[in-house]
Amino acid sequence: MVMTQQHNKTPILIAYYLLIFLLLSPCHTLLAQVTASTDRASLSIDETINLHIKSDQESGDPDFSVLENQFQILSKSKSQNYSVINGVTSRTHTWNITLLPKKIGTLIIPAISVGNEQSQPIHLTVNKPSKSPGIDGKDVYLKVNIEDKKDHYYVQQQVMVTVQLFHRIRFSNASLNDLTIDNAVVEKIGEDSQYNKTVGQHRYNIIERRYAVFPQKSGTLHIPALIFSGNVEISQSFSLFSQAGRKLIRQSQSLQLTIQAIPDSYTGSTWLPAENLTIEAKIIDNTQAIMMGEAITRHIIVTATGLLGSQLPAIEIPASKAIKIYPDKEQINSQLINNKIVGSRRDIIAIIPLKEGEFTLPEITLDWWNTQTQQQETAVLKAQTLLAQANPEQVIQPTRVTSSTQDVIETTTEQVLSETKIIYKELPLIQNKWFWSTLVLSLLGLFTLIIGLIRSRKSHTSTKIISHSEQLSINAVEADHYLQQVYNHCNNNEAHQTSQALVQWANYYFNTALIPDLSEVIALSNDTALSEAIMNLEQCQYSQDKEHWQGHVLETSLKAYLQKNRENNTKKKVDPQAFASLNL
């Protein structure tokens, strides 16, 4: 009996461990990738370059023999890195290879295979041996160089500065001050790189540091001299250790650049000097299943070569009667690609269709200055037409507005329509499901009304009619009830519940039936502080940061609005003649 139980447990345990393996294995396969990178994109024939291969696959060493056709492999090393993220352990393998090019020209580091994955090829430019006057024979030399130096640069245009420390002796307690420039933004690019170079009759170790400089003022830009200091190490005979020797200080030459102002011919709203600039958009959701009243997320991405992400402007879409717009927090990024700064800005926007039918997101243009051609260009994001389907779970009824607020709503509507560029196109009548369903319901309602009138005449039953003053009293009680709910939800920072309670309160407070959403509340209140608080509430509901909405701002604004209304009503009762002209 015992043997039978053990026999039955074995396949269960095997299945259990097999399940764990199957669950983990696909994740690892999906995440597996191989990347290749170098510390520079161009070098001289007498310089070395470092190649880094990274992989998260569990496999043997790659075959680096494919490099030997164009490069001499001087050294190879391997390292591993372990990390635990959300309880998931991952391992990264890194191979570091030092290469020396065999010929001048455009060389290609081919794709390197690691397991079932391959890296992308890398193109390198190998130049003739560079001349470094004043370096040959010196123990230490500090050099500052402007990459692709031009006769002049524009304000906020990228200037690449390279700092190189040549040395053929060992030193300790070394330091090199960072580059700081007045009237310029200076960004250090990546980590310091190290390689070897033959200058004249001597072989030097080189430590290279790179900066991206963005001048902020026209005129002459002064790049100050940098200072290196360190102690020369002195080796002692019959000892494994060395001692610090004489103090050594080296200083680079200072440089000057000519910076020009923004050209008078430039007509763009934002000055964007770049080598290249593109704009694109992506809709995360399924564009074939857009529902009226439900949010879709649109990402607008601007990418520029030669600009930081923080220099790129925000992209906005105007709202309209057809859609509502809720911008979310932007994503700004800057990275080094092919030895150049590439900045990007991603604006995330929630869009809610308010009607069934087609709506067009307008064309977006962004002017920029091409620093290569010295001309103004325009990046274009083409218009996009989408179709919103009827939402079976949402029924929107027409809003009835009292005469006292009609002028405010009409004025607000005219302003919105005058500013919008969104094009809304109704569906053909035969395809409009809402038209036919509304028509059927209207006929049924009319039939029911006629039957009710006939019955009322026959029965001669008296019906109690509620007076206007009694209705106002009922509305006041209901308004106070929902107002208390608004305050409670504000205290708990509950955005969605606050929104629902606020719409219910407005229905009774303004004596207006069927307010559909918060935009009507904004129009009826006609109060700046309250409107801003309500718009913030709307935006938070469709933001990724919705859980961090703070309700005290809305509560304070609403209390101030109600207090102001009570004071105005009191003044009207005390001096009705003062407002007689308003009632003509």
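Before the details, the model is predicted, so local features need pLDDT of at least 70 and side-chain atom pairs count only at pLDDT 80 or more, while totals for chains, interfaces and linings use all residues. Residues are numbered from 1 along each chain as its sequence is written, and side-chain values use heavy atoms, with hydrogens and water left out.

Let me start with the chain as a whole. The chain has eight helices and 30 strands, where helices (H or I, at least four residues) and strands (E, at least two) are DSSP runs numbered from the N terminus. Of its 584 residues, 36% are buried, and buried here means under 20% relative accessible area, with a 1.4 Å probe and protein chains only. If we take contacts, meaning heavy atoms within 4.5 Å, between residues at least 6 apart in sequence, 70% of them join residues at least 24 apart.

Now to the helices. Helix 6 (residues 518-525) and helix 7 (residues 528-541) pack with their axes 9 Å apart and at an angle of about 175°, the axes being lines fitted to C-alpha atoms over the stretch in contact, and the angles running from 0 to 180 degrees between N-to-C directions. That angle makes helix 6 roughly antiparallel to helix 7, a term that applies to angles over 145 degrees. On the helix 6 side the contact involves L518, S519, V521, I522 and S525, and these meet residues of helix 7 including L530, I534, M535 and L537.

How much of helix 6 is buried? Seven of its eight residues are, so helix 6 is largely enclosed by the rest of the structure; the buried residues are L518, E520, V521, I522, A523, L524 and S525.

Beyond its neighbours within four places in sequence, T94 is in contact with I53, K54, S77, K78 and S79.

Definitions and conventions: Buried < 20%, exposed > 50% of the residue type's maximum accessible area, 1.4 Å probe, protein only. Parallel < 35°, antiparallel > 145°, perpendicular 65-115°, else oblique.
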